[in-house]
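Here is a short report on one predicted model.

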Amino acid sequence: MANFKPIEPQKGNITYTPGIVSGIVALAINEVEGVSLLNNKNKGVKLSFEKEGIIADISVKVDYDNNVPSLAFKIQQSIKHSVEAMTNYKVLKVNVHIQDVDFPDNSAL
């Protein structure tokens, strides 16, 4: 049996660009059924990098047949889990802004 020496901790830093973290947030939102990011220039994701962690402001469109508070909670949980699992950042807050509701084309309003 071979003996393995423990690997010494790396000396240096790991950094993530805001674009990488925004991409992780977008992927996390796509994992939640019934919600999509707005189609605009900044993709509906605004991140603030604070000393204690990240604050995310998310603007989304939801499908009309969803319970909005439940959906917003799922979005918050998905983002928190994904960002903290894939980076060394802590997520302090996820503010979810429902900007639009997607109705089916044949619905009578």
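## The helix pair

Start with helix α1 (residues 18-30) and helix α2 (residues 68-86). Their axes come within 8 Å and cross at roughly 140°. That angle makes α1 oblique to α2, because angles over 145 degrees are needed to count as roughly antiparallel. The crossing of α1 and α2 is right-handed.

Which residues of α1 and α2 make the contact? From α1 come Val21, Ile24, Val25, Ala28 and Ile29. From α2 come Ile75, Ser78, Ile79, Ser82, Val83 and Met86. Sorted by class, this contact of α1 with α2 has 9 nonpolar residues and 2 polar ones. No charged residues take part.

## The strands

Now turn to strand β3 (residues 54-63).

Single residues show how the pairing works. Val60 of β3 is the bridge partner of Leu37. Val60 also has a partner in β4, namely Ile98. Phe49 stands opposite Ile54 in β3.

The strands β2 and β3 form a hairpin, with 4 residues between them. In this hairpin, Gly53 takes a positive phi near 155°.

Is β3 enclosed or open? Of its 10 residues, 7 are buried, so β3 is largely enclosed by the rest of the structure.

## The whole chain

How many helices and strands does the chain have? Its secondary structure comes to 2 helices and 4 strands. Read along the sequence, they follow the pattern α-β-β-β-α-β.

What share of the chain is buried? Buried residues make up 30% of the 109 residues.

Contacts can also be sorted by separation in sequence. Take those in the chain between residues at least 6 apart. Among these contacts, 68% join residues at least 24 apart.

## In short

Helices α1 and α2 cross at roughly 140°, and their contact has 9 nonpolar residues.

Note on methods. Residues numbered from 1 in each chain as written. Predicted model: local features only at pLDDT ≥ 70, side-chain atom pairs only at ≥ 80, totals over all residues. Heavy atoms only, no water. Axes fitted to C-alpha atoms, helices over the stretch in contact; angles between N-to-C directions. Parallel < 35°, antiparallel > 145°, perpendicular 65-115°, else oblique. Left-handed = near helix turned anticlockwise from the far one by under 90°. Contact = heavy atoms within 4.5 Å. Nonpolar A, V, L, I, M, F, W, Y, C, P; charged D, E, K, R; others polar. Buried < 20%, exposed > 50% of the residue type's maximum accessible area, 1.4 Å probe, protein only. Pairing = 2+ DSSP bridges.
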